[in-house]
Amino acid sequence: MSKKVLMLAAKANMIQQFNHRNIKILQSLGYEVHVATNMIDFGSMSLAENETFKQWMLENNVIAHQIDFERRIGSIKGNMLSIGQLRRIFRENSFSFVHVHSPLGSILGRYVAKQFKVPVIYTAHGFHFFKGSPVKSWLLYYPVEWVLSFFTEVLIVINKEDLKIASNFHATKVQYIPGVGVDVKTAIKISDSQKKHIRDLKRRELNIKNDELVILSVGELSVRKNQKVILEAISILKDPKIKVLIAGVGPLKNELLRFAEELNISEQVILLGYRNDIRELHYASDINVFPSLQEGLALGGLESVVDGLFTIGSDIRGIRDYIIEDKNGKLFSPKNVKELSSKILATAASDLNVNVKCYSDFLMKFDSESIDERMVDIYKQF
């Protein structure tokens, strides 16, 4: 009989976005992989993405369990329902260990795993308390994480600020693994001539002139991703040759369009929606602005840095882990419109050519293969 392992997160997008490779690693180690998540209220994925993910699990022999996790921290009634559903899964299967993700998933998952004496790996994709976060976040989440760390065999953190916080917890082991990995090796092999060819094609496709400055922002259209600050900064500069491309979907789409109209910059702003050509957009752009208010590590910023796009990012946890000031980007206070506008202006006036090969050794710690090797070592402990 094969060994069994459970991958658990409150919303399916956490598994879909960050754990495809982990699932394949576990299967290569001989595990029968089970996934417990909410595939009805599935998070930030589109319906089509959710259906594709369910099909991927079916084709890859992943056993899926529907758990009716609620949003955020959930309600007492809803959490009791989820706990009951998890207990049933644990009774019916003898898991070697469970790998939990997301705040609610990790709380309820660790609670039930403790009852069944199943070891736990917990990946914290950015604690909900951090330097500059509201006091209520520290009052609510910090005590919970502190207590549940006693039920955690391996705590994985993905940024250096969380690593310092985790030193006060009681997990058996704390591991720093910088994110889920990006394909650094491929990125640094792409020549400047290839990049220019792709740039020309993509700008032609998007109807962008050669003398226009393109600012790209990638991420969900949400308050947390803070795209409004980009629009405000552009309105201050009053330069019609600056174009803003925003790639992503989310609840603030119409609000961002209205805001651009209020600022009289509608002609300069293009909402691209969901895209699967992010690397090409990096090459077509001149500056990436990544103004998030909260991140764990933020793939959108990291991928742009790896592709050699100069990135102006929020001076917050995670993002500052991969931006080297004035080498591959700049940091700014994410609510400071004037600071952002001045840094856009200064960057536009400078040499925008970023040579990633000059600091490829630094980037390699974020490479997918390196991350996967670390995860294999952790999984083998069980």
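Where is the place of Lys343? Lys343 belongs to helix α14, residues 337-348. Let's start with the whole protein and come back to this residue later.

## The model and its overall form

This is a predicted model, in which local features need pLDDT of at least 70, side-chain atom pairs count only at pLDDT 80 or more, and totals for chains, interfaces and linings use all residues. Residues are numbered from 1 along each chain as its sequence is written, and side-chain values use heavy atoms, with hydrogens and water left out.

The protein has 16 helices and 13 strands; helices (H or I, at least four residues) and strands (E, at least two) are DSSP runs, numbered from the N terminus. Along the principal axes, its C-alpha atoms fill a box of roughly 65 × 40 × 40 Å. Of the 382 residues, 55% are buried. Here buried means under 20% relative accessible area, exposed over 50%, and partly exposed in between (1.4 Å probe, protein chains only).

## Rings that meet

How many aromatic pairs does a search of the whole structure find? There are 17. The rings of Phe362 and Phe366 have centres 5.9 Å apart and planes at 75°, so this pair is edge-to-face. Rings of Phe, Tyr and Trp (its six-membered ring) pair if their centres lie within 6.5 Å; planes under 30 degrees apart count as stacked, over 60 as edge-to-face and the rest as tilted. Phe362 is partly exposed, with a relative accessible area of 26%, whereas Phe366 is buried at 0%. Elsewhere, ring pairs join Phe127, Phe129, Trp138, Tyr142 and Phe169 into a cluster.

The charged end of Lys3 sits over the ring of Tyr31, 4.3 Å from its centre. Lys228 lies over the face of Phe259, at 4.9 Å from the ring centre. The rule for such a contact is that NZ of Lys or CZ of Arg is within 6 Å of the ring centre and within 35 degrees of the ring normal.

## Empty space inside

Rolling a probe the size of a water molecule over the atoms shows where empty space is left. On a 1 Å grid over the protein atoms alone, a cavity is a set of points where a 1.4 Å probe fits but cannot get out, and a pocket is an open set with protein on both sides within 12 Å along at least five of seven lines; lining residues have an atom within 4 Å of a point. Grid points are joined across faces, edges and corners, and a volume is the space filled by probe spheres set on the points.

The whole structure holds one cavity of 30 Å³ or more. The largest cavity has a volume of about 30 Å³, and its lining residues include Arg110, Tyr122, Glu145, Phe127 and Phe169. Phe127 and Phe169 also belong to the ring cluster.

Of its 15 lining residues, Arg199, Tyr283, Gly308, Leu352 and Asn353 lie nearest its centre. Helices α9 (192-205) and α12 (278-284) each supply at least two lining residues, and the largest share, four residues, comes from α9. By class, this lining has five nonpolar, four polar and six charged residues.

In helix α6 (residues 135-148) you will find Leu148, which is buried at 8% relative accessibility. Leu148 and His170 are 22 residues apart in sequence and 8.5 Å apart in space, C-alpha to C-alpha.

Most residues other than glycine have a negative phi. Ser102, however, has a positive phi near 70°; this serine is in the loop between β4 (95-101) and α5 (103-115) and is buried at 10% relative accessibility. Lys117 has a positive phi near 55°. Its place is in the loop between α5 and β5 (120-124), and Lys117 is exposed, with a relative accessible area of 77%.

Definitions and conventions: Ala, Val, Leu, Ile, Met, Phe, Trp, Tyr, Cys and Pro count as nonpolar, Asp, Glu, Lys and Arg as charged, and the others, Gly among them, as polar.
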